[in-house]
Amino acid sequence: MENKLYLYPGLIRIWHVLNALLIIILIISGLSMQYSDPINPFIRFDLAVSMHNISGFILIFNYMLFIYGNTISKNGRHYRIQLRGLVDRLTSQFRYYTYGIFKNESAPFPVTKRMKFNPIQQVTYFMTMYVLMPLIFLTGLPMLFSGAFIRQLLGTNAFFVTDILHIAVGFMLSLFLIIHVYFCTFGAKPYSNFKSIVTGYHEGGH
Ligand code: HEM
């Protein structure tokens with residue numbers, strides 16, 4: 001079909017659904033561990049810890065496959081940000097999201113096979129996948145494996161700092177998730193992009 005582009009190959013779709021499910025489990029178990037009443041927890045504490053640890057491990061494995069896939073396939077190209085003119089491109093996309101879209105203007109960066117992400121998507125996907133995800137792993141793994149080691153080597157406060165960083169990055173990822181899902185409704189029809197990540201085909205429109 002002429003205005004249908006195949007943008008999300010099978011492996012990306014499998015990676016994405018697993019990634020989304022695991023992150024949702026991690027957010028729910030993380031929130032339960034941090035906030036719920038110890039006497040009457042949302043999820044029993046030891047269960048929440050196991051859920052969090054196991055999902056975290058599977059997420060790291062899934063993430064490594066994503067990075068490997070992006071390194072050896074053309075998909076990685078979409079994450080390479082051209083710095084020249086970036087501010088102008090971001091401004092133009094921002095203006096579209098906050099004004100143009102409501103005036104039925106056409107998108108400044110229509111989806112093509114060469115450029116499937118608009119500049120705002122490109123920067124946020126890059127920041128999420130190449131900055132926040134490594135940070136959540138790098139703060140989570142040391143707490144799991146060597147809490148005592150961190151305390152001995154860097155002092156008692158180091159564990160606390162690692163923990164706060166982990167929670168702060170977790171918060172940013174949760175925020176990303178909400179904004180990501182909201183912006184995914186800005187397709188040709190509100191459900192078009194959700195259909196795309198299931199079928200692989202982008203439907204004409206924004
Ligand atoms: C309920 C959960 C989620 C839903 C419904 C969802 C939905 C979607 C949709 C519709 C797309 C295709 C449209 C587009 O490219 O913008 C997409 C792509 C993408 N999503 Fe999500 N998403 C979810 C969770 C996540 C999470 C938790 C992350 C990362 C932490 C994420 C990262 C990405 C990335 C990087 C892409 C582009 C993949 C590529 O083509 O290389 N998503 N998502």
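User: Is Leu-90 buried, partly exposed or exposed, and why?
Analyst: Leu-90 counts as partly exposed because it has 15 C-beta neighbours inside 10 Å. A residue is buried if 20 or more other C-beta atoms lie within 10 Å of its own, exposed if 12 or fewer, and partly exposed in between, with C-beta atoms placed from the backbone. Please note that this is a predicted model: local features need pLDDT of at least 70, side-chain atom pairs count only at pLDDT 80 or more, and totals for chains, interfaces and linings use all residues. Residues are numbered from 1 along each chain as its sequence is written.

User: Where is Leu-90 found, and which residues is Leu-90 in contact with, leaving aside its neighbours within four places in sequence?
Analyst: Leu-90 belongs to helix H3. Beyond those sequence neighbours, its contacts are Pro-119, Ile-120 and Val-123. Two residues are in contact if their C-beta atoms, placed from the backbone, lie within 7 Å. As for Lys-103, 13 residues from Leu-90 along the chain, the two C-alpha atoms are separated by 19 Å.

User: Let us step back. How many helices and strands does the protein have?
Analyst: There are six helices and two strands. Helices (H or I, at least four residues) and strands (E, at least two) are DSSP runs, numbered from the N terminus. Along the sequence, the pattern is β-α-α-α-α-α-α-β. The C-alpha trace spans about 60 × 35 × 35 Å along its principal axes.

User: What share of the residues is buried?
Analyst: Buried residues account for 13% of the 206 residues in the protein. One of the buried residues is Gly-140, with 24 other C-beta atoms within 10 Å.

User: Where does Gly-140 sit, and what is Gly-140 in contact with?
Analyst: Gly-140 lies in helix H4. Apart from neighbours within four places in sequence, Gly-140 is in contact with Gly-56 and His-166. By comparison, Lys-74 is 66 residues away from Gly-140 in sequence and 30 Å away in space, C-alpha to C-alpha.

User: What about H1 and helix H2, at what angle do their axes cross?
Analyst: The axes of H1 and helix H2 (residues 45-72) cross at roughly 150° and come within 8 Å. Axes are lines fitted to C-alpha atoms, for helices over the stretch in contact, and angles run from 0 to 180 degrees between N-to-C directions. H1 and H2 are therefore roughly antiparallel to each other, a term for angles over 145 degrees. By class, their contact has 16 nonpolar, nine polar and no charged residues. Here Ala, Val, Leu, Ile, Met, Phe, Trp, Tyr, Cys and Pro count as nonpolar, Asp, Glu, Lys and Arg as charged, and the others, Gly among them, as polar.

User: Which residues does Ile-43 touch, not counting those up to four places away in sequence?
Analyst: Ile-43 touches Ser-29, Ser-32, Ala-48 and Met-51. Ile-43 is placed in the loop between H1 and H2, and is partly exposed, with 17 C-beta neighbours inside 10 Å. The C-alpha atoms of Ile-43 and Leu-31, twelve residues apart along the chain, are separated by 9.6 Å.

User: And Ile-28, how exposed is that one?
Analyst: Ile-28 is partly exposed, as 16 other C-beta atoms lie within 10 Å. Ile-28 is part of helix H1. Its C-alpha atom is separated by 8.6 Å from that of Ala-48, 20 residues apart along the chain.

User: Now to the ligand. Which residues come nearest?
Analyst: Of the 21 residues around the ligand, the nearest are Ala-20, Ile-23, Cys-184, Asn-193 and Ile-197. The elements giving two or more residues to this shell are helix H1 (10-35), H4, helix H5 (156-183) and helix H6 (192-199). A residue is near a molecule if its C-beta atom, placed from the backbone, lies within 6 Å of it.

User: Which element gives the most, and how do the residues divide by class?
Analyst: H1 gives the most to the shell, with five residues. The shell contains twelve nonpolar, nine polar and no charged residues.

Definitions and conventions
Angles under 35 degrees count as roughly parallel, over 145 as roughly antiparallel, 65 to 115 as roughly perpendicular and the rest as oblique.
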